[in-house]
Amino acid sequence: MITVKAYKKVFSEVLKEIFPSTEIDTFFLFLVEEYLGFTRVDLVLKSDFIIEENIKIQFDSDLKRLKNQEPIQYILGKTEFFELPFLVDINTLIPRPETEELVAWIIDEVKILNKKSSNKISLLDIGTGSGCIPISIAKNIDFETISAIDISKKALEVAIKNAEFNQVSISFFEVDILKISNLNLLSKDKTQISFDVIVSNPPYVRELEKSAMNKNVLENEPHQALFVSDENPLIFYEKIADLALQHLSENGLLFFEINQYLGNQTVDMLTNNGFKNIELRKDLFGNDRMIKAAKN
Ligand SMILES: C[S@@+](CC[C@H](N)C(=O)[O-])C[C@H]1O[C@@H](n2cnc3c(N)ncnc32)[C@H](O)[C@@H]1O
């Protein structure tokens, strides 16, 4: 039998060599929220609460996984993105705060588009993972259709659950973006399809950047979601730019999350492909992280 207070001590002791104390406190709060229904205040007021044996087994198992540097989001099977709940597992990238900034930018721009035209917009997300981008956009704008593509069937299964859970209607497609020459396979009758907004946060980490990455990302998150070759780091951007030129509507916009080290290179590629009004923005950490480009 152990109290919450005593367990917290053990918990902190086990993790103190690996994580800063603020992070350990956050992990502990997540676990007591999940298994005991505690709030941050309960943690103080009910610190003498006794953890039942079956729940302690769960805590012990999670503590072991944290010690092995498994991300807490995978341990709990969920996370928050744009203040919405998302299921995640080892098949989906854990949504990042930088991507929330991209979503906020898109929502602002779509609101401007919606004011200019009486037609509601159609949007496509390429490489959707957990579905965090299209789902959070769908929750915040008026739209006609939202579609999303991923190569990973298992990621799409999670994305479908997330759309249901967040009560939005999104069409998901299992497609290898590098193997198609156009997007007409997304239209019901396979005829020319167009989108007002195309967005993508594709794989963009070069092999050469692996050595600077955290062990918990490298060993746990799906490599198919992260890495590109050193020789051809813009492979996805070039392909998506080509598809966007074919399928963006007249006033259509293309949005990318990008590799912070390849901002200028990505802008040049878009310029060379004829995109207009290209804007490169930094993320909250001050790194070049996202691009907006217009077709016309
Ligand atoms: C960086 S993750 C982004 C996931 C999610 N959009 C987010 O922002 O959290 C890139 C996604 O692209 C998908 N992907 C990788 N190669 C692909 C391909 N050839 N065709 C379509 N999707 C692909 C991966 O499965 C992964 O879900």
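**Close-up views of the ligand site and the nonpolar cores**

**View 1. The shell of residues around the ligand.** In this predicted model, the ligand is surrounded by 20 residues, and the closest of them are Gly-127, Asp-150, Asp-176, Ile-177 and Asn-201. Sorted by class, this shell consists of twelve nonpolar, six polar and two charged residues. Helix 7 (132-138) and helix 10 (223-226) each contribute at least two residues to the shell.

**View 2. Polar atoms facing the ligand.** One oxygen atom of the ligand lies 2.6 Å from a polar side-chain atom of Asp-150, and an N or O atom in the side chain of Asn-201 is 2.8 Å from an oxygen atom of the ligand. At Ile-151 the backbone takes part instead, with a polar backbone atom 3.2 Å from a nitrogen atom of the ligand. The ligand taken alone exposes 600 Å², of which the protein buries 96%.

**View 3. The largest nonpolar core.** This core has 36 residues, among which Ile-177, Leu-183, Ile-198, Leu-254 and Leu-270 touch the most other members. Elements that give two or more residues to the core include strand 5 (121-126), strand 8 (195-200), strand 11 (248-257) and helix 12 (263-272), while helix 11 provides the largest share, six residues.

View 4. When neighbours within four places in sequence are left aside, Ile-198 is in contact with Leu-124, Ile-126, Leu-183, Ile-240, Ala-244, Leu-248, Leu-253, Leu-254 and Phe-255. A second, separate core of 32 residues has Ile-133, Ala-159, Phe-172 and Leu-253 among its members.

Key
Residues numbered from 1 in each chain as written. Predicted model: local features only at pLDDT ≥ 70, side-chain atom pairs only at ≥ 80, totals over all residues. Heavy atoms only, no water. Near = heavy atom within 4 Å. Polar contact = N/O pair within 3.5 Å; in protein donor to acceptor, adjacent residues only side chain to side chain. Areas by Shrake-Rupley, 256 points an atom, 1.4 Å probe, with all protein chains shown as cover. Helix = DSSP H or I, 4+ residues; strand = E, 2+ residues; numbered from the N terminus. Nonpolar A, V, L, I, M, F, W, Y, C, P; charged D, E, K, R; others polar. Core = buried A, V, L, I, M, F, W, Y, C linked by side-chain atoms within 4.5 Å. Buried < 20%, exposed > 50% of the residue type's maximum accessible area, 1.4 Å probe, protein only. Contact = heavy atoms within 4.5 Å.
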